[in-house]
Amino acid sequence: MDPIAPPARRTRRIVLLAPALLAAAAVAFLAQRPLHHAGWHGWVGTANGIVFLTVAALPVAALAVRALAARRRAAGVEPGWARRSALAEVGTVYGTLPWVRMILLPGVDPGGPRRRVTLVPLHDIAEIVSAGPPATAVAQVVGNMLVFAALGFLAPVRFAALASVWRVLALGAACSVLVELAQYVLRLDRVSSVDDVLLNAGGAALAALASRRRWRRPAA
């Protein structure tokens, strides 16, 4: 084995990680500027606050992956699988919770009597496309597809039972239904829509397809 290889790999990782951390720091700096005088609600109850906390938590997530992988290696788990499984678990949580929190942000009149539900498939998508500029429509559709994308991409990597696009699609749909029900029950003044479920589940399934080569296969 070439003894120079491990330091070389570490160097490559540092070179690749440095720009990502710089970009994260820039986003965090820009996002936190309006939050100084907003109080606790500004940090956890606004989109800017959620973006800032998500970016700020990136080093914590990286340390969690490292610690979890080290613990599994110490327990006798094969190093490659220890690292991959730790990354999948932490990445799923890190890549999903901020999106779910954004979906559960209250609307204009939270707690009011109004509860809006749309059960006609593609109705809301058609309204979004016809009502706003194309960029706004694309942003809303893509945003909905990203909600459970981390779950769809990483869950089959970690769990052999989810190594199926249809199972990931069903999981994404189930999670989305729970979120839409929470919007309705908590009276957040948001629309509980079947189109959101379709987009959320579709995004999870497409993300699963993107990670197909890395799926954990069931034992023979």
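Predicted model: local features only at pLDDT ≥ 70, side-chain atom pairs only at ≥ 80, totals over all residues.
Local features were considered only at pLDDT of at least 70 and side-chain atom pairs only at pLDDT 80 or more, while totals for chains, interfaces and linings use all residues. Residues are numbered from 1 along each chain as its sequence is written, and side-chain values use heavy atoms, with hydrogens and water left out.

Helix H4 (residues 58–74) packs with helix H5 (residues 79–103) at an angle of about 145 degrees, and their axes lie 8 Å apart. Helices are DSSP runs of H or I with at least four residues, strands are runs of E with at least two, and both are numbered from the N terminus. Axes are lines fitted to C-alpha atoms, for helices over the stretch in contact, and angles run from 0 to 180 degrees between N-to-C directions. The crossing of H4 and H5 is right-handed (the near helix is turned clockwise from the far one by less than a right angle). Residues of H4 in the contact (heavy atoms within 4.5 Å) include Leu58, Ala61, Leu68 and Arg72; among those of H5 are Pro79, Leu87, Glu89 and Tyr94. By class, twelve residues of this contact are nonpolar, one is polar and four are charged. In this classification Ala, Val, Leu, Ile, Met, Phe, Trp, Tyr, Cys and Pro count as nonpolar, Asp, Glu, Lys and Arg as charged, and the others, Gly among them, as polar.

Three salt bridges are present in the structure, each defined by a side-chain nitrogen of Lys or Arg within 4 Å of a carboxyl oxygen of Asp or Glu. Glu89 and Arg72 form a salt bridge with an N to O distance of 2.8 Å. This pair links helix H5, which holds Glu89, to helix H4, which holds Arg72, across 17 residues. Arg72, at 18% relative accessibility, counts as buried, whereas Glu89, at 23%, counts as partly exposed (buried is under 20% relative accessible area, exposed over 50%, partly exposed in between, with a 1.4 Å probe and protein chains only).

Glu89 also forms a salt bridge with Arg158, with the closest N and O atoms 2.5 Å apart. Arg158 is buried, at 16% relative accessibility.

A further salt bridge joins Arg116 and Asp189, whose closest N and O atoms are 3.5 Å apart. Arg116 is in strand E1 (residues 116–118) and Asp189 in the loop between helix H9 (165–185) and strand E2 (191–193), so parts 73 residues apart in sequence are tied together. Arg116 is partly exposed at 33% relative accessibility, while Asp189 is buried at 6%. Through shared partners, salt bridges join Arg72, Glu89 and Arg158 into one network.
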